[in-house]
Amino acid sequence: MKILVPVKRVVDYNVKIRVKADQTGVDLANVKMSMNPFCEIAVEEAVRLQEAGTATEIIVVSVGPTQAQETIRTALAMGADRGILVQTDEQIEPLGLAKILKGVIEEEKPDMVILGKQAIDGDNNQTGQMLAALLGWSQGTFASEIALDGDKLTVTREIDGGLQTIKLAMPAIVTADLRLNEPRYASLPNIMKAKKKPIDEKTIADYSADAAPRLEIVKVTEPAAREAGIKVETVNELVDKLKNVAGVI
Amino acid sequence: MSTLLIAEHNNQSLSESTIKSATAAVQMGGDVHVLVAGAGCAAVADEAAKMAGVSKVLLADDAQYEKQLAEPIADLVVSLAGDYATIATPASTNGKNFMPRIAALLDCSQISDITAVIDANTFERPIYAGNAIQTVRTSEAKKAITVRATAFAAVEMSGSAAVEAISATANSGLSEFIGEELTKSDRPELTSAKIVVSGGRGMQSGDNFPMLEKIADKLGAAVGASRAAVDAGFVPNDYQVGQTGKVVAPDLYIAVGISGAIQHLAGMKDSKVIVAINKDEEAPIFQVADYGLVADLFNAVPELEEELGKIGL
């Protein structure tokens, strides 16, 4: 079984981002970039399926700037076999991205696509579901466990009230939630090996996808700051404030 | 210019988040219709018909919609979408699951997790785990919207819209519901509770959570947790408050033994009053807390229970 894993290069999750003074966006100059954490989980899951003998080939694809090669290399060091970089310096919206990925899938014909459930920059949580729609495939989103069962895929999903289990027709789209697995750190020998693995360079035009932006970002601003509170000395004082000042109990 | 609001429900009653999302739908202007898709869910349609500002309720009652799986819901909504400029739903795990599928089938963009309606085509939404707010405008003929319900007040239940039964679309058979494990609790649901008491890594063990439950029961509160507490296995994952868990905005949020990582703050910083109890006075949670108590939680929490008892709770 062939698995495709799309990955995104984003601001590292430990970085405290700053909004640009001109309100055009978030300052990305000299900021540490990493693979989106949910994408790492997706790569890990694919690698585990390969180690279990279920997957035969893992292809990693990233749509982004030239530096996204580093993100692909990270995935190759974790165990993926080869990469595809669809090079663009434009900000691609989820629908456009899904259209590009559809083109990649029509060429590569994977049996399953595993993605992160959302990227931690735009927080859209859309691409996997959109891709499933464009392909007419089933979708198992926010997965915390997956198991292949003949020609069906059983997916346990994290939902608001707890967990839900569904059975999907293959081929399927899976989006990874936090508890699907704990991604490995790539070992030094694997990092060296990854340097020799192939990365194909493509452009959006290669897939004749319409990925032009449709949304206008009017502005990006800082969230409203909370006013500084006070420290209370005792539990008794706390309860008094909550009851008599804030009036919430 | 009209909006179709897809209701979230459990086939018995409408979710609070739907009633709040209706406010966002009304703010977009034009007629608001509500789709109730489920199985044996006529009571939900009747409830939806009471939401002020709603002019019609469409009821699709069919076994395939019982669990609101993405594939059949998307096919149904796409069959109805011709008449609407906006398709909206609460940004719950359900809405987040099916809405992008609908958007892609309609070849329109989705604007996720809106927290404010500026005008019919312009919205505010959080990005980077709530560390920045993006104002985004669309000029497309159709748009899909998921609503962060905690950012909106509930509409009045004073309306009386007509309920119209509609027929189901063919089932693609792509997905099948197998089962679910729902956390059972007599306490209020996290996202709609007026008071939330949450524990973090400082709780040290799941065995210590009953301490918080006692407080919660005195206050009629829901119990939540930070991602650290969930990842450490103290409590199930649906307790998680944060960017990757649930977003809550209660009147009172009590954070116990929670340091206040960015990802947790994103899920609770819109609470009206925040209390932090932590023994580390440098913990970032104190920067957002209205009332901070620097204390060992294992002393402070039992004492809090006692003090609440003294005021008759």
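This is a predicted model: local features need pLDDT of at least 70, side-chain atom pairs count only at pLDDT 80 or more; totals for chains, interfaces and linings use all residues.
**Where the chains meet**

Let's begin with the interface. Chain A and chain B bury about 6500 Å² between them, and 56% of that is on carbon and sulfur atoms. On the chain A side, the residues that lose the most area to chain B are A:Asp160, A:Arg226 and A:Val235, together 11% of what that side buries. As for who takes part, the contact draws in 73 residues from chain A and 84 residues from chain B.

The rule finds 43 residue pairs in polar contact across the interface, both residues being at pLDDT 80 or more. Several elements of chain A each supply at least two residues to the side touching chain B, among them helix H3 (94–108), helix H4 (127–135), strand S8 (152–159) and helix H6 (235–245). The interface of chain A and chain B also has 6 salt bridges. In one salt bridge between the chains, the side chain of A:Arg214 meets that of B:Asp107 at 3.1 Å, N to O.

**Salt bridges around the structure**

Why would such side chains pair up at all? Side chains of opposite charge can do so when their charged atoms come close. Over all chains, the structure holds 28 salt bridges. Here are a few of them, with their N to O distances.

| Side chain | Partner | Distance (N to O) |
|---|---|---|
| A:Arg214 | B:Asp107 | 3.1 Å |
| A:Glu108 | A:Lys2 | 3.6 Å |
| A:Arg18 | A:Asp27 | 3.0 Å |
| B:Arg187 | B:Asp217 | 2.7 Å |

Take the pair A:Glu108 and A:Lys2, whose side chains meet at 3.6 Å. The two come from distant parts of the chain, 106 residues apart: A:Glu108 sits in helix H3 and A:Lys2 in strand S1 (residues 2–6) of chain A. A:Glu108 has a relative accessible area of 12%, so it counts as buried.

Now for A:Arg18 and A:Asp27, which meet at 3.0 Å. A:Arg18 is exposed, at 54% relative accessible area, whereas A:Asp27 is partly exposed at 24%.

Over in chain B, B:Arg187 and B:Asp217 form a salt bridge at 2.7 Å. Back in chain A, salt bridges that share partners join A:Lys2, A:Glu57, A:Arg82 and A:Glu108 into one network.

A:Ser138 belongs to strand S7 (residues 138–149) of chain A. Is A:Ser138 buried or exposed? Its relative accessible area is 0%, so A:Ser138 is buried. A polar atom of its side chain lies 2.7 Å from the backbone oxygen of A:Ala169. Leaving aside neighbours within four places in sequence, the contacts of A:Ser138 include A:Ala132, A:Leu168 and A:Pro171, and from chain B, B:Glu71, B:Arg101 and B:Leu174.

**A nonpolar patch**

Finally, the surface. A:Leu188, A:Ile191 and A:Met192 form a nonpolar patch there, with about 290 Å² of accessible area together. A:Met192 lies in helix H5 (residues 188–194) of chain A, and at 45% relative accessibility A:Met192 counts as partly exposed.

Definitions and conventions. Residues are numbered from 1 along each chain as its sequence is written. Chains are lettered from A and ligands numbered from 1 in the order in which they are written. Side-chain values use heavy atoms; hydrogens and water are left out. Patches are made of residues with over 30% relative accessible area and no salt bridge: like charges are joined within 9 Å, nonpolar side chains (Val, Leu, Ile, Met, Phe, Trp, Tyr) within 5 Å. Accessible areas come from the Shrake-Rupley method with a 1.4 Å probe; for residues, only the protein chains shown count as cover. A salt bridge is a side-chain nitrogen of Lys or Arg within 4 Å of a carboxyl oxygen of Asp or Glu. Helices (H or I, at least four residues) and strands (E, at least two) are DSSP runs, numbered from the N terminus. Buried means under 20% relative accessible area, exposed over 50%, partly exposed in between (1.4 Å probe, protein chains only). A polar contact is a pair of N or O atoms within 3.5 Å; within protein, one must be able to donate a hydrogen and the other to accept it, and residues adjacent in sequence count only if both atoms are side-chain atoms. Contact means heavy atoms within 4.5 Å. Buried area is the accessible area (1.4 Å probe) that two parts lose on being put together, summed over both.
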